[in-house]
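Below are some notes for a colleague who is opening this structure for the first time. Please read them with the sequence and the model side by side.

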Amino acid sequence: MAALKVILYFLSGFVVIAGAVCIGIFFTNGSVPALGSGVLMLCFGFAGLLLSIFLAPIIRTFRQERTHQGRPIA
């Protein structure tokens with residue numbers, strides 16, 4: 001699970017940086033599509049960061065739900 005967290009941190013950080021670059025392009029050129037893509041990338045990046053921070057409790061919750069359904073976890 002630690003490797004998955006590192007990958008999520010890396011990809012989320014990369015997307016946040018790309019979103020900041022797109023917003024910078026908007027402020028230099030005034031390109032509206034750059035603003036839209038920058039905001040979208042920032043949203044996905046911060047969502048990925050939150051997912052990687054709370055990954056262990058989320059996985060634990062899903063595993064507990066599966067055990068309550070009567071199926072054993074592999």
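Predicted model: local features only at pLDDT ≥ 70, side-chain atom pairs only at ≥ 80, totals over all residues.

1. Helices (H or I, at least four residues) and strands (E, at least two) are DSSP runs, numbered from the N terminus.

2. Residues are numbered from 1 along each chain as its sequence is written, and side-chain values use heavy atoms, with hydrogens and water left out.

3. The protein chain has 3 helices and 0 strands, and from the N terminus on its elements run α-α-α. Of its 74 residues, 16% are buried, where buried means under 20% relative accessible area, exposed over 50%, and partly exposed in between (1.4 Å probe, protein chains only). The protein chain exposes about 5400 Å², and carbon and sulfur atoms supply 76% of that area; accessible areas come from the Shrake-Rupley method with a 1.4 Å probe, and for residues only the protein chains shown count as cover.

4. Contact means heavy atoms within 4.5 Å. Among contacts in the protein chain between residues at least 6 apart in sequence, 50% join residues at least 24 apart.

5. Helix α1 covers residues 2-29. The expected span of a helix is 1.5 Å times one less than its number of residues; for the 28 residues of α1 this gives 40 Å, which agrees with the 40 Å between its end C-alpha atoms. The buried residues of α1 include L8, S12, V16, G19, C22 and I23.

6. S12, in helix α1, counts as buried because its relative accessibility is 5%, and, not counting residues up to four places away in sequence, S12 touches G45, G48 and L49. F10, also placed in α1, counts as exposed because its relative accessibility is 58%; F10 and S52 are 42 residues apart in sequence and 10.0 Å apart in space, C-alpha to C-alpha.

7. Helix α2 (residues 32-53) has 22 residues, which should span 32 Å, and its end C-alpha atoms are 32 Å apart, in agreement. In α2, A34, G38, G45, G48 and S52 are buried. These residues cover an arc of only 95° around the axis, so they are on the same side of α2; the arc is that of the directions from the helix axis to the C-beta atoms. The face turned away from this buried side carries the exposed residues V32 and F44.

8. L55 is placed in helix α3 and counts as buried because its relative accessibility is 6%. Not counting residues up to four places away in sequence, L55 touches M1, L4, K5 and L8. From L55 to K5 the separation is 50 residues in sequence and 7.5 Å in space, C-alpha to C-alpha.

9. Which residues make the nonpolar surface patch of about 660 Å²? They are Y9, L50, L51, I53, F54, I58 and F62. The elements that give two or more residues to the patch are α2 and α3 (55-68), and α2 gives the most, with 3 residues. Patches are made of residues with over 30% relative accessible area and no salt bridge, with like charges joined within 9 Å and nonpolar side chains (Val, Leu, Ile, Met, Phe, Trp, Tyr) within 5 Å. A salt bridge is a side-chain nitrogen of Lys or Arg within 4 Å of a carboxyl oxygen of Asp or Glu.
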